[in-house]
Amino acid sequence: MLSRHAVAHVAGVDVSTEHFIGGERVGSDATFVDLSPIDAQPLAEVARGGDREAALAVAAAREAFPAWAALGAAGRAQHLRRLADLIDANVERLAAVECADMAMLLRSLEARVIPRGARNFRAYADLAAAYEERVWESNGTRNRVIRMPSGPAVVITPWNAPFMLSTWKTAPALAAGCTVILKPAEWSPLSCSLLCDLVAEAGFPPGVFNVVQGIGEEVGAALTRDPGVRRISFTGSPETAVHIGTAAARNIVPFTGELGGKGPLLVFADADLEAAARRAAGQYDDAGQVCLAGTRLLVEGAIEDEFLELFDRFTDGHVLGDPRDDATTVSPLIHPDHLARVEGFVERARANGDEIVRGGRRREDVGPLFYDPTLVLPRSNDSEIVQHEVFGPVLTFQTFADEDEAVALANSTSYGLSGVVYTGSERRAERVGRGGSGGHAVGQHVPRARPDGAVRRGGDLRHRPRGRRLRTRLLLRPEDAPDPGRHDGVSAVDPSR
Ligand code: ADP
C-alpha cells in the first residue's frame with residue numbers, strides 16, 4: 001500500500017516519505033504535511049502512521065530481536081561502526097535536508113551536529129563491549145554480572161535536533177542488543193528517513209532498526225501502549241511525558257524521559273565579563289530552541305550595567321536570516337504554531353508586568369517565522385516566563401547579591417538539565433556547581449581543555465528541589481585551569497551544543 005508521494009525532493013536530495021519497517025519502505029493511506037521553517041511552505045507529504053503501522057513495526061522488531069541479541073556486543077559493533085562511516089560520508093546530504101526541515105544553521109549541522117551522530121554510534125559500540133560483563137570477588141564469593149538486552153525499544157524524539165537526538169537515543173539501545181522503533185517528531189521527520197537508507201546500506205538485519213512516521217498522539221501513543229515493547233525512551237515536553245509514562249506503567253515497562261530545560265547562566269563579578277556576555281547572547285542561537293540553553297541570565301548586582309552593555313553589544317551583532325547563509329546567526333522558529341506559543345509567553349509576560357527590555361515582536365520583515373531576540377526583566381521569580389520553558393529566543397535577566405542567592409535562584413525552577421557558571425574562582429565554581437554548602441555532589445567532574453585555554457567541566461548536581469536532573473558546566477578563567485595536557489576527559493554535556 002504505497003502512498004502517491006513516496007519520495008520528496010528536498011535540497012537536491014531524494015528522501016523517502018514512508019515508514020521503514022522490517023527493512024522495507026511501507027506507506028500509509030493518510031499523510032501529513034511537513035513545512036520548511038525557512039519559508040513556511042510545504043516540503044513533503046509524509047506517511048501518517050497509526051495503529052496498523054505501530055503493530056507492524058513492533059512485530060518486526062520482536063522478530064529481529066533474538067538474532068540481534070545473540071550477535072553479542074562485538075558483532076553488533078561492526079554494524080554500528082559501518083553506519084557511523086556512512087553518516088560521515090553523507091554529512092552534506094543529511095545537513096542539507098535537516099536544514100531545510102528544521103532550519104538549524106547549515107554550517108553548525110555540517111561541522112558538528114551531523115558528525116556527532118557518527119560519533120554516537122562509535123561511542124556506544126565501544127561502551128557496550130566494555131559494559132557487557134563484570135566479574136568480581138566479595139566475601140569469598142565470585143560474582144558475575146552479564147548485561148542482557150531487553151527487547152524492542154521505542155524511541156520518541158523531538159523536532160529541535162532530530163538527527164542528532166535520534167542517533168543519541170537509538171545508538172545505546174542498538175549497541176546493547178535491543179531492536180528499535182524510532183518515531184521522529186512530525187515537524188522535522190526527514191533526516192531520520194535518510195538514516196534508514198544508511199542503516200540498510202550498512203547491512204543491518206531487517207527489523208533491527210525501524211522508523212514509523214506520524215503524529216505523536218496517534219502512532220506515538222499506539223507504540224507506547226503496545227505490550228510487545230520492552231523499553232521506552234523519550235525526549236520532549238513534560239506534558240507528553242505524563243502520557244507516555246502512564247502508558248509505560250500500564251505495561252510495566254521502564255521509561256526514560258528527558259524533559260526540557262530552563263537552565264541558569266550565572267555570572268559573578270570576578271568573571272571574564274566579555275566572555276560571559278558573548279556566551280549569554282549566544283543562547284539565541286538556533287532561535288533558542290535548545291533544551292541545554294542557559295535561558296535565565298543570573299548576574300551579580302554589582303556588574304549589572306556593565307554586563308548588560310556588553311550583552312546588548314553582542315546581541316546587536318546577531319543576524320537573523322536564512323540558515324543556509326554563512327552570515328546568519330539566528331534562524332527561524334520551527335513552525336507557525338510554535339511561533340504563536342513563544343509569542344504567547346512574551347505577551348503574557350507583558351500583561352503580567354514583566355518588562356520587555358529588548359525584542360518582544362515578530363520579525364516578518366526577515367521571514368514568516370522569525371521572532372526578535374528578546375530579553376525580559378521579570379517582575380518576580382514566580383513569573384511564568386522565569387518558571388516555564390519557552391523554547392524560543394527569549395531570555396530572562398535577574399540579579400543576585402551573593403553566592404547563596406545565586407544558587408537559590410539557579411535551583412528555583414522545576415526544570416534542571418544544564419547550568420553554566422562564569423567566575424574567576426575555581427573554588428567558587430566548585431561550590432556553586434555542587435549546589436552551595438550542604439549540596440551533595442554526585443558523578444565526576446571531568447575537566448576538558450578548550451581551545452581558548454578555559455576549562456569546561458561536566459558533572460551532575462543532586463541538590464535539586466524537585467528532583468529533576470541538573471547538569472552543570474563550570475567555566476573558569478584560563479589562569480585557574482589545571483594543566484590541560486593532563487586531562488583528556490569527556491564532558492557530561494555535549495560540547496557542541
Ligand atoms: P515538543 O513540545 O518538543 O513538540 P512533544 O512532547 O509535543 O514536544 O513532542 C515530542 C515527541 O513526542 C514528538 O515526536 C511527538 O510526536 C511525540 N508525542 C507527542 N504526543 C505523544 C503521545 N501522546 N504519545 C507518544 N508520543 C507523543
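## Helix 2 and helix 5

In this predicted model, helix 2 covers residues 72-89 and packs against helix 5 at an angle of about 160 degrees, with the two axes 9 Å apart. Angles over 145 degrees count as roughly antiparallel, and helix 2 and helix 5 are therefore roughly antiparallel to each other. Helix 2 passes helix 5 in a right-handed crossing.

Which residues bring these two helices together? From helix 2 come Ala73, Arg76, Leu80 and Ile87, and they meet Phe163, Ala171, Leu174, Ala175 and Ala176 of helix 5. Sorted by class, the contact of helix 2 with helix 5 holds 8 nonpolar residues, no polar ones and 1 charged.

## Helix 4 and helix 5

Now look at another partner of helix 5. Helix 4 (residues 106-131) packs against helix 5 (residues 162-176) at an angle of about 15 degrees, and their axes are 8 Å apart. Because angles under 35 degrees count as roughly parallel, helix 4 and helix 5 are described as roughly parallel to each other. Helix 4 passes helix 5 in a right-handed crossing.

On the helix 4 side, the contact includes Val113, Ile114, Phe121 and Tyr124. On the helix 5 side, the residues include Phe163, Met164, Trp168 and Leu174. By class, the contact of helix 4 with helix 5 has 14 nonpolar, 4 polar and 1 charged residues.

## Helix 1 and helix 2

Let's go back to helix 2 and its contact with helix 1. Helix 1 spans residues 51-70 and packs against helix 2 at an angle of about 110 degrees, with axes 7 Å apart. Angles of 65 to 115 degrees count as roughly perpendicular, and helix 1 and helix 2 are therefore roughly perpendicular to each other.

Trp68, Ala69 and Ala70 of helix 1 make this contact with Gly72, Arg76, His79 and Leu80 of helix 2. The residues of the contact divide into 4 nonpolar, 2 polar and 1 charged.

## Around the ligand

How many residues surround the ligand? There are 17, and the closest are Thr157, Lys183, Glu186, Ser237 and Thr240.

A side-chain N or O atom of Glu186 is 2.5 Å from an oxygen atom of the ligand. For Thr157, a backbone N or O atom lies 2.8 Å from a ligand oxygen atom. Ala221 uses a polar backbone atom, which is 3.5 Å from a nitrogen atom of the ligand.

Definitions and conventions: Residues numbered from 1 in each chain as written. Predicted model: local features only at pLDDT ≥ 70, side-chain atom pairs only at ≥ 80, totals over all residues. Heavy atoms only, no water. Axes fitted to C-alpha atoms, helices over the stretch in contact; angles between N-to-C directions. Helix = DSSP H or I, 4+ residues; strand = E, 2+ residues; numbered from the N terminus. Left-handed = near helix turned anticlockwise from the far one by under 90°. Contact = heavy atoms within 4.5 Å. Nonpolar A, V, L, I, M, F, W, Y, C, P; charged D, E, K, R; others polar. Near = heavy atom within 4 Å. Polar contact = N/O pair within 3.5 Å; in protein donor to acceptor, adjacent residues only side chain to side chain.
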